[in-house]
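Please have a look at the model first.

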Amino acid sequence: MAQSKIAPNESAAINPTTGEVLTRYPHQTPDEVQSLLDQSVAAFRIWRDVEPVERAAIIGNLAGILRRRIDAFAIAMTREMGKPITQARAEIEKCAALCEWAAASGAPLLDDEPTEIEGQAAYVSYLPLGPILGIMPWNFPFWQAMRGIVPVVLAGNSFILKHAPNCLATAYNVASAFEEAGVPKGLISVLNVAQDDIEAIIGDDRVAAVSLTGSVRAGSAVASQAGRAIKKSLLELGGSDPFIVLADADLDRAVPAAVLARFQNSGQICIAAKRIIVEEPVVEEFSRRFVAAVKDLKIGDPEDESTYIGPMARVDLRSELADQVKRTVEQGAQVLLEGGPQDGADGTAFFKPVVLSGVEPGMAAFEEETFGPVAAIITAKDAEDAIRLANQSEFGLSGAIWTADVAKARQYARRIESGGVFINGFAASDPRTPIGGVKKSGYGRELSHFGVREFTNAQIVWIDRR
């Protein structure tokens, strides 16, 4: 297979559409890593003294840079991990909007907060910590990096970007965009080392904290390593988000929303609607419409403007997903729409969408995160049963509730164990609102004022007036 072409001392991007090795990146030597860490500290010491309003303005410069270079940045993502080109451009645009939000609204989030205490003046200052190590995934290679970097850098920290090995062209594109915007040299640095070398870097005194978006297994390892070093960590891990459709829901809106929520980015989204829980009176009608809509999605070359579903990011991920479907069917689920791995040249990773019904607790597609174009439809007896099924998961990233009764949905939302709930909509992220999870979906929050302050020292200052 194409993956065998990658040497142990390098990272490489393999185009999942063709199986072609695009670029090889030799791992950095120990001396190069030491230099990178020193440079990150030096850049931090310069940047922390820049006023937040000026930091925000520099970050705002990125919006124009991203839009000017959108085609080059988008095609790099498409070739590295198979993202359909229209969705890749939309990802860059979303990053530009994040930068505009930071420029317009970010600086005041770092203002000192006064507190009244008898005989005293007191205030809280939000001070940067230092270099933050960010370990980022491949599924939204530009957005995930920018979502991690922008709030952290706005707060005055520097950022060391350890990206997924197959997305290093995007990592360097992110760093070059920041450099063009005018940040100090080394403020955003790209780390390319073997997985076994990460623990020593987390433990290095020059690294102040670590943020990871990835699997539960990776999160557990990083949290343990950060804990041993007495350093803060932020984890945004897996999800098996429930998409609840109650009997009074508007199916004309709920069905297309469910299709988009499950199959955008070829189903490779942490906050995708992975468990579609439908109340019994409408499950048959919902399923019929849902399958018909999925059949209309165009699968093909992600560089084709009309393609909606491209290949999965890697062949091994495709194999894992196929195994989950196989086990779920063996456990008693029914196949409403047949699909699975598509034949092609060695190294290609196409997977035709699959829709399963009759999925129940205990089955693979219910218990595990299915990270690809597979939808699991689950029948609930009533609204109470739907909430029970939604919470019967080790994950708690986000979820959705579709119903005509919004007041009742707001009550249900408080009982769903997740970091976010979307009523008559589907999970999304926005610079103005926090994103993060509970249970094994992780802890900490990115974006909004929560994200800007996540990696700061909330320093209390008292002034005795007596």
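**Helices and sheet at a glance**

The axes of helix H5 (residues 141-154) and helix H6 (residues 168-181) come within 9 Å and cross at roughly 45°. This is a predicted model, in which local features need pLDDT of at least 70, side-chain atom pairs count only at pLDDT 80 or more, and totals for chains, interfaces and linings use all residues. Residues are numbered from 1 along each chain as its sequence is written, and side-chain values use heavy atoms, with hydrogens and water left out.

**The helix pair**

- Pro141, Phe142, Ala145, Met146, Ile149 and Val150 of H5 meet Thr170, Asn173, Val174 and Phe178 of H6 (contact means heavy atoms within 4.5 Å).
- By class, this contact has 8 nonpolar, 2 polar and no charged residues.

**The sheet**

- Seen in order, E12-E15-E16-E11-E10-E18-E19 make an open sheet of 7 strands with mixed pairing (two strands pair if DSSP finds at least two bridges between them).
- Strands E12 (334-337) and E19 (420-423) stand at the edges with a single partner strand each, so one side of each is left without a neighbour in the sheet.
- From one strand to the next, the twist averages 25°.
- Strands E11 (residues 273-279) and E16 (residues 374-380) pair in the parallel sense over 5 bridges, and Ile277 stands opposite Ile378 in E16.

How values were computed:
Helices (H or I, at least four residues) and strands (E, at least two) are DSSP runs, numbered from the N terminus. Axes are lines fitted to C-alpha atoms, for helices over the stretch in contact, and angles run from 0 to 180 degrees between N-to-C directions. Ala, Val, Leu, Ile, Met, Phe, Trp, Tyr, Cys and Pro count as nonpolar, Asp, Glu, Lys and Arg as charged, and the others, Gly among them, as polar.
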